Structures are given as C-alpha cells and as structure tokens.
Amino acid sequence: MIDRLLVANRGEIARRVFRTCRSLGISTVAVYSDPDASAPHVSEADLAVRLPGAHPSETYLDAGLILAACRAAGADAVHPGYGFLSENADFAQAVLDAGLVWVGPPPAAIAAMGSKVAAKRLMAEAGVPVLPSLDPAAPGEFPLLVKASAGGGGRGMRVVREPGELAREIESAEREAAAAFGDGTVFVEPLLEAARHVEVQVLADRHGTVWALGERECSVQRRHQKVVEECPSPGISAALREHLFEAAARAARAIGHTGAGTVEFLVKGDRVAFLEMNTRLQVEHPVTELVHGVDLVRLQLEIAEGAALPASPPEPAGHAVEARLYAEDDGYLPQTGVLRRFEVPGDVRVDAGVESGSVVSPHYDAMLAKVVAHGSSRGEAVRRLATALRRAKLHGVTTNRDLLVRILTNPVFLAGDTHTGFLDPDGPVHGVPTRPRPAPDGATSDGPGGEPAGGLPALAAALALAAANRRDARVLAGLPSGWRNVRSQPRRARFAEAEIVYDPLPEHITVLSAEPDTVVLERDGVRHTFEVARYDGDPKVYVDHAGGCAVLTPLPRLPEPVEHVAPGSLLAPMPGSVLRVEVAAGDRVAKGQPVLVLEAMKMEHRVAAPVAGVVSGVHVEKGRQVEAGAVLAIIQEEST
Amino acid sequence: MIRSRLDPASEEHQRRRASMLAKLAELDAEHARAVGGGGAKYVERHRARGKLLARDRVELLIDADSPFLELSPLAAWGSDFPVGASMVSGIGVIEGVECVITANDPTVRGGASNPWTLKKSLRAADIALRNRLPYVNLVESGGADLPTQKEIFIPGGQIFRDLTRLSAAGIPTVALVFGNSTAGGAYVPGMSDYVVMVRERAKVFLGGPPLVKMATGEESDDESLGGAEMHARVSGLADYLAEDEHDALRIGRSIVRSLDWRKRGAVPLPAREPIYPADELLGIVPEDLKVPFDPREVIARVADGSEFEEFKPAYGVSLVTGWARIHGYPVGVLANAQGVLFSEESQKATQFIQLANQSRTPLVFLQNTTGYMVGKDYEQGGIIKHGAMMINAVSNSTVPHLTIVMGASYGAGNYGMCGRAYDPRFLFSWPSAKSAVMGPAQLAGVLSIVGRASARAKGLVYDEEADAAMRAMVEAQIEAESLAFFLSGRLYDDGVIDPRDTRTVLGMCLSAVNSAPVPEPAGFGVFRP
C-alpha cells in the first residue's frame, strides 16, 4: 500500500493527483521550482520539496533531484503526471530501483513506445492499423508528414506538399528534433488531411485484464495541441468504435502495458491509422472519468498497488466536453502576468493549476485550467461548458476564453463535424459567424437609438469608475456625481478601446444602480447586470456580464506631452561655451562617459552620456556658445 | 421630522410646477448663452487653433466626476455685454482641494475684461479670501475693454491687490497662462504665488512690440518680450513651462496637490437624504408672490432626513426658525412664512441669531418677505426698533450666512433676512425671486398717490389717463428690474439656481465655508430696548 506519494509534476495535474490521494488517505509530497514556490499545488501538499532553479531541465526534468526529494520527504511512491518525466523509461526504472512504487507502466512498455519508428513497427506486427512509412528518397504520394521519432507536441514535425521541399524539410526537422529530444531521427508518412483525432483510453492491471475505456475525440487543435476534447466522439460509427477498442487493447497488450494509457488514431471515413501511444495519464482524462463514472488516478494507484480490475469496464453515460483554458492571445502567443481573478461558475468541473492571484510565469506550459462539463447529451454538455466559460471571471492575463466560446458555439462544431484542421485560419471558426445568441447579451455595439460606443460594458465601466471617484472623494463626496449648475458638456469616459458619453444617456438606457463594483442598466426594458473589477497595479477595468468579459483601459484625462527633443538628446544644463568635445559621431560610449565639457561661470561642467550607446550626432564644436537647453549631442541607446 | 402637507397631485401644485419649469427653461437658455461664449464662429476659430475652451479647461482641471458650482454665470445679463461677462468662475475640487477657479473666455472679444468681468472677478477673489479657498486663474485675456476703461481702470487695481492679500492670508494663488496676459493683465501672473505658462502660447508683457517701439524705439517681438520660454528661462516669471494646455492643467493639479491643503472648519456628520423628493420643490412657490407658502415644505426637501427642530414655533409665527443639518453640517434656518415681519418675528430672529453665534452654527436664510409691517399700531409698537435689532444681529453675527431668495425680497426685509448688503458668504436666487424696495404695484401706487396729492395741493386737475399710463410704465419697469436674471446680471447674487439643486448648492457652500476656521465669536452692538 502506498503511504506517501510524491507527484513529480506541477500545476493542475499535481493538484488532480493530490485530490485523489486525499480521498484515499495517502499523504502527499509536492516538488516545486523557484517560480512555483507559491503555487497552489505546493500549498495543498502535505510536504513540499524545493527544486532550485526555474528551467524545467534543472527542476522538474531532473530525475536525480526528484529521487532525492522522495528520500528527503519519505515518499514511497511516485506519480509522474503527464509531460516532464512521465514517459522517461530510465526515470521509471530509477524509481523502481530506489525501492519506490512507480505509478505507471513497466519501463519496458514506456521504452517500446518511446521511439515512434519502433512503435509503428511493433503495432503493425500486432495487427494495429498504421500508416506506411515512406522512403524519403521515393515517397510517391504528396502531401506528406515528416515526424520526429522521439517527438511530441508538434516539434520536429513538418507538412511537405512539394517534392522539391522534402529534403530541406527533413533536414530542418532533424535539426529541431535533435535539439528538442536529443534524437534527430525522423520518418515520413502520408499526410491524412481533414481527419479526426480519436483516441482510446486503455487501462491494464498486472493480472492480464485490459480495458478499452471509451474513446475521446480531440480533433479541435491548434499548432498540434488539443484545445477541446470530448467523450464519446460524435463522428464515428459503433462498428468503427469496436474496431478502435480492439486495436487499442491489442496495442496495450503488445507492449505489456499496465496502468493508464492512451492509444491515438487518425480517422478519416473508414480509414484508421495508429498515431502513437501515450503510456501515462492524458491531459484530457476527465471527460472519460465523467462519462464512465470512474476516478482514473485512483485506478492508477490501485493498479500500482497490485489490485485487479473488474473483468469489464463500467458503461458510459451521457457526454462530456473539456476545454483547455490557455493564457495566450489570439495568435496563440503565451501570455504572462498576475492572474488577478480566476473564477469559473456553474455546474462544471475545473481542474486548475492556478487560483486568483497566481502569477503566470513564462517558464512552463501556458495552460491555466481545464473546464469540463458533463451532460445527458452532447448539446447539453456543450451548452453548459460554453456558458460557464462565458461567465468565468478571468482577469489580469489574456486567455483563449473567447476562442473557446467561439468554438463551442460554432455551428460546424455543434454538428460534430470537426477535424484536425478545424482551427486553421481558413477553417470554420474564423470564416463562419458564431451562432447568433437569442437574447441581447449587452455587448452589441450599435443597438437602436444611439447606443454608446463600446456597448453597455464600456458604459458600465465608465459609471463604475465615476462611482469609485465619488466614493474616494476627500471632499463633497455626498454630492451628486458630476453635478453642475451650468452644464457645458456631456460627461465622457475615454478608454483605449472606446470613448463614451455616460451623462446624459440615451432615452432607452436607464441606470438602475451604479456602484464601484456593480452596475445595473436597463435597456429597452431589459435589465443587464455588470460586475466591474479593478486591481492595484493593473490599469485595466474588467467588466463581466452575461456575454463575457470586456477589458477596458482608461486613458489619462491629461495625457503626457509629446517629447520635444529627440530621445537621447544631451541638453546644455546652462548657457556657456563648449570647452572640449570628447567624442565624435559614431563613437561608442559607456554610461557616464564624458561627452563634452562646457565652461560657464568660470567653471567646467562635464556633460556625460546618460546611457550606454552610440553617438549619433554632435551638434556643437569647441568654442561654440550655447543657450541653456540647446541640444549638444545625441546618444542612441544601445538596445539590449 | 417635518410632516409634509403638500399634495403634489393637486391642480395648484401642478400649476406652480408648470410655471417654475417655464422659468427654468428660460434660465437654461440664458446659461446656454453664457456657455456659448463668443458664438459658434469664435468658438470654432479657437478650437481650430488647437486650444481648449474656458469650460473645457475647467472641466479638465477639476477632479473627474466632482461637482462644480459655477458662480455669477448670468453676470452682465441685461447689459451691453454678453451674458457671462467673458469669464467662467466657480468652486471646484482639484486633487481633493476645493478651490475658487476663474477662467477667461477668449472667444468673447478675446477674453477682454468689461465692468461686469471686473465685478465677477472681484467677487471670486472675495469668496476665496473669506472662505480660505486656494485661487486658480486660467488666464487668456486681451486685457481691458478699452471703451469702458473708465469703469475698469481705477477699481480694477483691486484684482492685483486681492491676489497678494490672498497670498498674505496664507491662501495660495495659481495662474495658468494659456495665452495673452498683457499690460495690466501681466500682473495676474505677476502677483500669483505659482505661475505656469504654456510654451508658444502664453504671452505676458507690459507693452507689446508696437508700444515698445513707440516708447523707446526698440525693435522687439512677442516671444522675446513675453514668451513662455523666455519667462521660464530668462525672467523667471514662469515657475513651470508647460508643453501644451493639457500639460499646464496637469501641472496646475500637481501644484494644488503639493499644497497638502487641510480644511480648518467643522467636519460634517454623514449626510442623509431628505425623506421628501427635491422634485416637489418645483410646485411650492405660487405664481403670484402675494400668496404666502410654508417654508417648512422647502426645509423638508433640503434638510438631512427632512428633520427640523423648530425653535419658538408658537411665537412670531410669520418667521420660522430652527435647527437642521444639510449634508451633515449643522445649520440654523430662518425662513419667512407669512411674508411680513412683525415685532415678534424680529425679536425671535434676534434671539435665534444670537443662539447660533453662541453655538458657532452657520445660518441659512430662506427669503420670502414683503418687509417689516407698517401702520400706526406697529410704528407705535416699536417696529423700527425691533427691525433694527434684527438687522443689528444679522450685521454683527460672525457665523457664516447663506441666503436663498425663494420669492419676494422687499423693503428692509431684504436687509433683515441677510440680503446682499449684509455680506452672506453666498447668496443664490430661485428663478421665482424678486427683490425691490417694494412690490411694483405698491411702488406705482405710491407714486400715484403722491402725484395726486401734489396736483391737489397745486389746485390742478389730476390727469387720470396719464396716471394710468405712468402706473403701467413704472410697474413694468420695477417688475423687470426686480427679477432674478436682472439682479443676477448685476452681481447682486451668486447665481440663479434650480430649486431642486438647493440642497446641493447649500452643501457645496457649507463645505466651502468650512475650509476656513470656524470664526471667532464677536460682541454685538447695543440692542435698543
């Protein structure tokens, strides 16, 4: 029996494992890098061990440090989570060698799937359908895909459409794979376009029982990373499902897998091709849990303790959908900063690595949380998830929430008609408008009768700011907001995103209440409630409403004047004459290095470079009389 | 708490309300004229130069969403000069500090000062001095309106005297110079504690290039004589050089912030809204001021919680006295109930004013008076002595006085109820107000009686037709000259306000008066027994 389990991971998966441990009475140990010192997964564990440094290679990927942490904390078992060391056979072996319980498959099973080239061969031998490996010299068909044997996450992967590009792309993929995985082996396959990504959850005990515990559809991807996953797949027949289950179980048996694993396939029509097998818990495992009513982590732990699975898996019920909430912008660029507020309401499961106030650092994956909804039907689950996301309070860091809502309300998605190119720039989410909402959500920008620009959310932000100004007023705070006995102009609020008049208001809009944190407006007889939030150290205003969240940046009423002198200009501090010029245009100067000497009032005044840089111009010469404020020279600051 | 007897649904209330709304529409139109400045053409030209209007400057200078009480907006009404007298004046909050702010309106004849501008400016400085409010001038004026220089030049020196007396009294003065400030105008920055000038816009000199050429033969230009940059770097007249108008306003705010200003007066309790709605104030004043109204209905819509502790309610019932709070500040209220002041009312007022002085409580006068009672019995009863007693008390009371002229303000009642000559800290009128030595009909009637008596004495036949014409003419003239706009135009009040704003205006005034320390009590003159 496991007494004390160390999770060699961070974020939401560490918390997820701890949750099951707590319910089973297993003591928990976290490890943490320096940027994660105050992360929730650390404070929630019974014990926590520091891994000095920030970079994964010196922290969560350092097997030696993890084992030392086990010893230090007295852990008797290790759960690797996903990513990091979870599919590192050597690490698994080292854990076992240290006399600890490894919550995962035998190292040999991990190794068998570690090389994609070898795995494909093994699968083909076991009768699992695979795509043919093509000869790079004579591939025959195009387009094709170059993949890294040791790869994952899209690295070392290239789509090649023209024969002439193949050699160059192979070379580049090899370089990237070598850099990322220490193994430059690549292989070439036919590219199956517009296919579905369908994967089967497998679970195997040490007594020969192998479950195929339903499938998951994960076709909605961006940059080869999954964004929305669901169980079951909306797009495969019962017969195909059976076929996939059989193939997956064969794959698991072929490598002697135990514990939780996932066998991934590409599906196009009736064509099925094995992609890879992950010998660990998958990020998207919650959809399987919700539909089958199981706790996969509990099953992992029980299998690791030697328990036997029942002969057949539980029956599925309903439909579950998961959305991955990433800290990223519209261009999928990771975003960092302080997550001021993180609240997801509604009847959904939230597996999060963060909480309100967490710092999103640049060191690790940008996934903040997984939000998962279960329903008796797919439509019900999707609607529940979309609404929870729309109403989530996510302040301080830009997230992909709006994209997720667009996906979940997209007619093509709702029809279950997705494939791996669903989020491509020419795909339906970018090309087709989202399903129109039946009721006004307050965010429409040009309603009838002179709607304020920026819509009701901007108006709510302006009214809340005004209320805060009144609340904070040192004098006359009890007087009506913006009161005038002679009114000369409407009251305006200027945001970077919109400029609006908030007094007077158009006739069809009434303010029912306006507090610094809540504004209730009525438009054409319909009440809309807005929750307005601001945070110290963050200039933005966050307005949550039924339709989502509007982020507004107030502009200063008295903007800074435009700089009159060129940046880097050295100005004469007083009138005088130039005694010496010690630099010439083009010279490189250090910060504080003398540039010239002025003589004024019989004193020498040294003018030094304020920054390190290059002298881009000298405007005076020896003997020249200068006025105070005259430009003497310009230093172009060295960009660091 | 006052129990209101007003029936807002009554036909009478609705009629009075309609009449008041009509007057308010006129008031809005007059205010719009002041806001319109020199008219669309000059406003556009000013904007095209990249400049902010006077009120834009004020709006940006004060704290966002704070109130602003504009003073004397109808100055020059009924004169040859545009309404508003080419200047904006008022009390506003800058960085949490209540200040008196004035701004020249350069769209009106270049912001030139006329006799009304002078009066308005002096009134603003007086408010700053008496209430200890920092004084901020937004300067852009072409100087004096030369054709009226005889009205301006000699008394106008007081502007500069006041600036330095404010400074001497420990009240900071700030000049933000946006444009011309030449000749005498140069002494506005010259006499101010802090001077900000806008680069390439401010122009401050005693004599411009033509005058200098005439005086000394020297060739010069605007920039070297009075440019912002010159004053910031050479003469030192400018303490701050602003890059543009917004920068000047920001620097102005920063200067006020750095004053670390503390109010010295009473600190109010938390305010409570009246129970009765302010909107009902529109239907209280009768169209005909001969009909009295109960001022408790007004107090019920102005005082915190509609609470009013009436003093001597059964004595001298034509004058209501008592204690209340407005926006948390304690006040003593004197309000006319039946118009006429008798001996009892005078004695009651005298006693009440003394009590307010004893407790250092500001007084609010709500005027609707036809004056002190006349007639044999009253003269013999000593009405002059008793009226004098009340006027004595008002004159020598040292607590702040605030006066609202709701309706009639006739005869010596104007004096006893703290009219303009009795130096209330602030005085505002409702659009229904009328002030004169007596009612127009009475005045015309008196002239008629006197004329008739004179004719009889000379044995002439009195021309009844001419008498009727004379009476009509006099009545019309007195009526016109007793109206609120006319009197406000002559700076006999600080503005005509919407009755619904009475509580807000009084709240601002009470806060303003409490920027100064609570004044020391003073002895009274001798009351005639």
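Select chain A: its accessible surface is about 27400 Å², 51% of it on carbon and sulfur atoms. Areas here are Shrake-Rupley values with a 1.4 Å probe. This is a predicted model, where local features need pLDDT of at least 70, side-chain atom pairs count only at pLDDT 80 or more, and totals for chains, interfaces and linings use all residues. Residues are numbered from 1 along each chain as its sequence is written, chains are lettered from A in the order in which they are written, and side-chain values use heavy atoms, without hydrogens and water.

Stay on chain A and colour by secondary structure. It has 15 helices and 35 strands, taken as DSSP runs (H or I, at least four residues; E, at least two). The C-alpha trace spans about 95 × 70 × 55 Å along its principal axes. Of the 640 residues in chain A, 51% are buried, meaning under 20% relative accessible area.

Now show chain B. Here 39 residues of chain B contact 28 residues of chain A, with heavy atoms within 4.5 Å. The two chains bury about 3000 Å² between them, the accessible area lost on being put together, summed over both. On the chain B side, pick Glu59(B), Asp65(B) and Arg250(B): they lose the most area to chain A, together 23% of what that side buries.

Zoom to Arg491(A) and Asp65(B). Their side chains form a salt bridge at 2.7 Å, N to O; the rule asks for a Lys or Arg side-chain nitrogen within 4 Å of an Asp or Glu carboxyl oxygen. The interface has 2 salt bridges by this rule.

Finish on the chain B elements that give two or more residues to this side, including α1 (11-35), α3 (54-61) and α10 (245-258).

Notes:
Buried area is the accessible area (1.4 Å probe) that two parts lose on being put together, summed over both. Buried means under 20% relative accessible area, exposed over 50%, partly exposed in between (1.4 Å probe, protein chains only).
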